[in-house]
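This briefing is meant for a reader who is meeting the structure for the first time.

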Number of protein chains: 4
Amino acid sequence: MESLTCIKVRYAETDQMGVVHHSVYAVYLEAARVDFLERAGLPYPQVEARGVYFPVVELGLTFRAPARFGEEVLVRTRLAGLSRRDLLFRYRVERDGILLAEGFTRHLCQVGGKAGRIPEDIYQALSVLHLG
Amino acid sequence: MESLTCIKVRYAETDQMGVVHHSVYAVYLEAARVDFLERAGLPYPQVEARGVYFPVVELGLTFRAPARFGEEVLVRTRLAGLSRRDLLFRYRVERDGILLAEGFTRHLCQVGGKAGRIPEDIYQALSVLHLG
Amino acid sequence: MESLTCIKVRYAETDQMGVVHHSVYAVYLEAARVDFLERAGLPYPQVEARGVYFPVVELGLTFRAPARFGEEVLVRTRLAGLSRRDLLFRYRVERDGILLAEGFTRHLCQVGGKAGRIPEDIYQALSVLHLG
Amino acid sequence: MESLTCIKVRYAETDQMGVVHHSVYAVYLEAARVDFLERAGLPYPQVEARGVYFPVVELGLTFRAPARFGEEVLVRTRLAGLSRRDLLFRYRVERDGILLAEGFTRHLCQVGGKAGRIPEDIYQALSVLHLG
């Protein structure tokens with residue numbers, strides 16, 4: 001499965017170069033990831049309510065072209081890797097079919113405040129997305 | 001005219017109290033204001049492209065109840081004041097009809113880098129919104 | 001007592017007008033307030049560790065002149081109001097003696113997740129600062 | 001040369017997991033990089049004033065342990081790569097000698113709005129830092 005998330009660039013997200021500040025892309029990826037999980041039937045607020053967290057342990061981003069205030073960017077999100085203990089998401093940020101940035105985030109599973117196995121039902125739900 | 005802007009709370013916008021950080025509301029109001037202007041036929045990127053800016057010179061916010069990650073909040077925006085040189089917007093931030101915050105922003109008109117009169121066509125367009 | 005907090009403007013804090021985005025001032029005031037409390041012997045992390053919170057219930061800011069990337073701004077913080085249940089801080093943001101912005105924040109006391117009385121020892125410590 | 005930059009974690013930088021949000025590290029690295037350049041006699045505001053920019057084209061971060069509100073973190077910055085057209089910085093974020101995160105940023109040189117060669121005097125100044 002690939003989910004599509006549309007994000008409208010906010011004024012506050014620009015910097016004095018007149019483009020979206022690079023740190024903001026990490027926030028865009030996160031919004032897209034939350035969207036991905038929600039569409040997959042795993043709303044992240046409910047996951048956290050069970051004491052299960054997927055903190056980011058690695059982040060990679062390559063910037064190809066700038067995004068600007070008022071533009072609508074599209075984030076394509078895929079679950080590119082899955083084990084019993086971690087997840088890998090891959091993202092493409094586009095505007096009108098033009099690639100602006102691509103990246104990944106790797107996440108460990110935390111249960112009750114420490115690294116742990118992904119609960120079985122969540123793992124099964126993610127497996128379907130990973131294959132799809 | 002009152003415009004309605006729907007905003008989904010991002011994880012990055014929360015703080016360790018588990019609610020949206022108060023500084024983020026200024027960003028929400030701005031997104032709502034940009035939306036208001038766009039619906040009114042005054043897309044802010046085009047306004048700025050003419051060298052016309054409406055920097056915030058005053059900001060007031062009262063917080064009634066917290067917003068949380070994953071919630072959809074609604075911002076109601078009105079143009080509450082208009083003169084030849086400045087603008088006043090008023091906002092209500094709600095969730096399911098519950099008032100979370102209310103506030104205002106006052107803006108001066110800047111043309112070519114200094115305080116100036118609002119260009120006539122923009123002023124006329126805003127006048128309609130102010131009355132409406 | 002008035003505390004002085006020096007803040008160096010970060011690139012990420014600017015927007016495409018080439019100045020510090022207005023929402024960032026709320027973050028500056030907060031950093032200055034935390035500093036004020038720490039110098040007063042009330043480190044906020046320790047206050048929170050007791051289950052006592054002072055969420056912002058009102059925020060007001062007036063912007064006089066912009067701050068820019070790389071500049072050092074000085075925030076002057078005073079405890080301007082104190083009751084058994086709330087606090088009022090007033091701030092002046094300056095650069096080289098020039099007033100850039102002034103504002104206030106009002107805070108309610110929350111104990112164990114609901115509005116409550118400020119614990120006596122914290123109230124006494126704040127009283128001294130309020131008079132001073 | 002390795003520069004050391006001390007950063008005090010702000011409340012606004014935490015998220016509802018009670019730790020610094022991962023996107024904030026990109027802002028920390030940037031503050032550290034600006035510091036590095038300033039200490040090296042290349043204040044970035046002056047570099048930009050000449051129409052020379054070093055936008056981030058790649059960002060990598062690995063997170064080892066969380067940072068929390070009120071903590072002082074130390075960012076160690078090195079210029080790890082230098083060519084006529086790009087730069088590579090490497091960073092370690094520590095607290096009391098414990099590694100919290102490590103990362104890198106790669107930057108292209110932009111002159112007058114397009115990719116270009118690093119001006120000779122800046123290149124020479126950077127070469128010294130690279131060797132050092």
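A residue counts as buried when its relative accessible area is under 20%, as exposed when that area is over 50%, and as partly exposed in between. Because Glu30(C) has a relative accessibility of 6%, it counts as buried by this rule. The model is a predicted one, and the points below are grouped by topic.

- Glu30(C) is paired with Arg33(C) in a salt bridge, in which the closest N and O atoms are 3.9 Å apart.
- The two residues stand three positions apart in helix 1 of chain C, which means that about one helical turn separates them.
- Arg33(C) is buried as well, since its relative accessible area is 7%.

**Salt bridges elsewhere**
- Over all chains, a search of the whole structure finds 52 salt bridges.
- One of them brings together the side chains of Glu2(A) and Arg76(A), at 2.9 Å from N to O.
- Because Glu2(A) belongs to strand 1 (residues 2-8) of chain A and Arg76(A) to strand 4 (residues 72-82) of chain A, this pair ties together parts that are 74 residues apart in sequence.
- Both partners count as partly exposed, Glu2(A) at 38% relative accessibility and Arg76(A) at 24%.
- Another salt bridge, also given as 2.9 Å from N to O, is formed by the side chains of Glu13(C) and Arg10(D).
- Glu13(C) sits in the loop between strand 1 (2-8) and helix 1 (24-39) of chain C, while Arg10(D) sits in the loop between strand 1 (2-8) and helix 1 of chain D, so this pair joins two chains.
- Glu13(C) and Arg10(D) are both buried.

**The interface of chain D and chain A**
- In this interface, 21 residues of chain D are in contact with 21 residues of chain A.
- The two chains bury about 1,700 Å² between them, and carbon and sulfur atoms give 59% of that area.
- On the side of chain D, the residues that lose the most area to chain A are Met17(D), His22(D) and Leu59(D), which together account for 31% of what that side buries.
- Between chain D and chain A there are zero salt bridges, but eight residue pairs are in polar contact.
- Helix 1 (24-39) and strand 3 (56-63) of chain D are the elements that give two or more residues to the side touching chain A, and strand 3 of chain D supplies the largest share, eight residues.
- By class, this side of chain D has ten nonpolar, seven polar and four charged residues.

**The interface of chain C and chain A**
- Here nine residues of chain C are in contact with nine residues of chain A, and the area buried between the chains is about 870 Å², with 54% of it on carbon and sulfur atoms.
- Zero salt bridges are found across this interface, whereas four residue pairs are in polar contact.
- The side of chain C that touches chain A is made up of four nonpolar, four polar and one charged residues.

**A buried residue in chain D**
- Ile122(D), in helix 3 (residues 120-131) of chain D, is buried because its relative accessible area is 1%.
- Leaving aside residues up to four places away in sequence, Ile122(D) touches Leu42(D), Val47(D), Arg50(D), Val52(D) and Phe54(D).
- Between Ile122(D) and Leu42(D) there are 80 residues of separation in sequence, but their C-alpha atoms are 7.5 Å apart in space.

**Cysteines**
- Zero disulfides are found over all chains; for Cys6(D), the nearest cysteine sulfur is that of Cys6(C), 14 Å away.

Conventions. Residues are numbered from 1 along each chain as its sequence is written. Chains are lettered from A and ligands numbered from 1 in the order in which they are written. This is a predicted model: local features need pLDDT of at least 70, side-chain atom pairs count only at pLDDT 80 or more; totals for chains, interfaces and linings use all residues. Side-chain values use heavy atoms; hydrogens and water are left out. A disulfide is a pair of cysteine sulfur atoms within 2.5 Å. Helices (H or I, at least four residues) and strands (E, at least two) are DSSP runs, numbered from the N terminus. Buried means under 20% relative accessible area, exposed over 50%, partly exposed in between (1.4 Å probe, protein chains only). Contact means heavy atoms within 4.5 Å. Buried area is the accessible area (1.4 Å probe) that two parts lose on being put together, summed over both. A salt bridge is a side-chain nitrogen of Lys or Arg within 4 Å of a carboxyl oxygen of Asp or Glu. A polar contact is a pair of N or O atoms within 3.5 Å; within protein, one must be able to donate a hydrogen and the other to accept it, and residues adjacent in sequence count only if both atoms are side-chain atoms. Ala, Val, Leu, Ile, Met, Phe, Trp, Tyr, Cys and Pro count as nonpolar, Asp, Glu, Lys and Arg as charged, and the others, Gly among them, as polar.
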